[in-house]
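This briefing concerns side-chain contacts. Please consult the sequence and the structure shown here before reading the points that follow.

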Amino acid sequence: MVIDDSNTIRRSAEIFLLKSGCEVILAEDGFDAMAKITDYQPDIIFVDIMMPRLDGYQTTMLIKKNPRFKHTPVIMLSSKDGLFDRARGRMVGSDEYLTKPFTKDSLLEAVRKHTTARSGA
């Protein structure tokens, strides 16, 4: 799942992931995502930090508080690369932090790393 209020970022991530054989669910913000997460139960979630209504920190915290999804990897996406932002992401339960603009390789590496770890392969 890719949660981002930027259509450009959502489309870029979707193209990279689809070309690598992933199924992709898109959400425009945290509220949209929360409705879709229970329906689709994604294996990994990429979430933008700066979004209207429900930001990435709040969205991640809600995902991780749900017992069904507390082990689902959440990768935060942000144009900010400060230590404070990374620490705050960890505090709400994010598993990794990618700086935007991300590359195809960094996105797919995060998918490989977190889905391989979960499957035990």
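The side chains of R53 and D29 form a salt bridge, with N and O 2.9 Å apart; the term denotes a side-chain nitrogen of Lys or Arg within 4 Å of a carboxyl oxygen of Asp or Glu. The pair links distant parts of the chain, 24 residues apart: R53 lies in the loop between β3 (45-48) and α3 (56-65), and D29 in the loop between β2 (26-27) and α2 (30-40). Helices (H or I, at least four residues) and strands (E, at least two) are DSSP runs, numbered from the N terminus. The model is predicted, so local features need pLDDT of at least 70 and side-chain atom pairs count only at pLDDT 80 or more, whereas totals for chains, interfaces and linings use all residues. Residues are numbered from 1 along each chain as its sequence is written, and side-chain values use heavy atoms, with hydrogens and water left out.

**Accessibility of the R53–D29 pair**

- R53 is exposed, at 60% relative accessible area, where exposed means over 50%, buried under 20%, and partly exposed in between (1.4 Å probe, protein chains only).
- D29, by contrast, is buried, at 9% relative accessibility.

**Other salt bridges**

- Nine salt bridges are present in the structure.
- D95 and K64 form a salt bridge whose closest N and O atoms are 3.0 Å apart.
- This pair too joins distant parts of the chain, 31 residues apart, with D95 in the loop between α4 (83-91) and β5 (96-99) and K64 in helix α3.
- D95 is partly exposed, with a relative accessible area of 27%, while K64 is buried at 15%.
- K80 forms a salt bridge with D85, and the closest N and O atoms are 3.8 Å apart.
- K80 is partly exposed, with a relative accessible area of 40%, while D85 counts as buried at 11%.
- A network of salt bridges links D4, D48 and K100.

**Aromatic contact**

- The count of aromatic pairs is one, the rule being that rings of Phe, Tyr and Trp (its six-membered ring) have centres within 6.5 Å, with planes under 30 degrees apart counted as stacked, over 60 as edge-to-face and the rest as tilted.
- The ring centres of F16 and F102 are 6.4 Å apart and the planes stand at 75°, so the pair is edge-to-face.
- F16, in helix α1 (residues 7-19), and F102, in the loop between β5 and α5 (104-119), are 86 residues apart, and their pair links distant parts of the chain.
- F16 is partly exposed at 22% relative accessibility, whereas F102 is buried at 9%.
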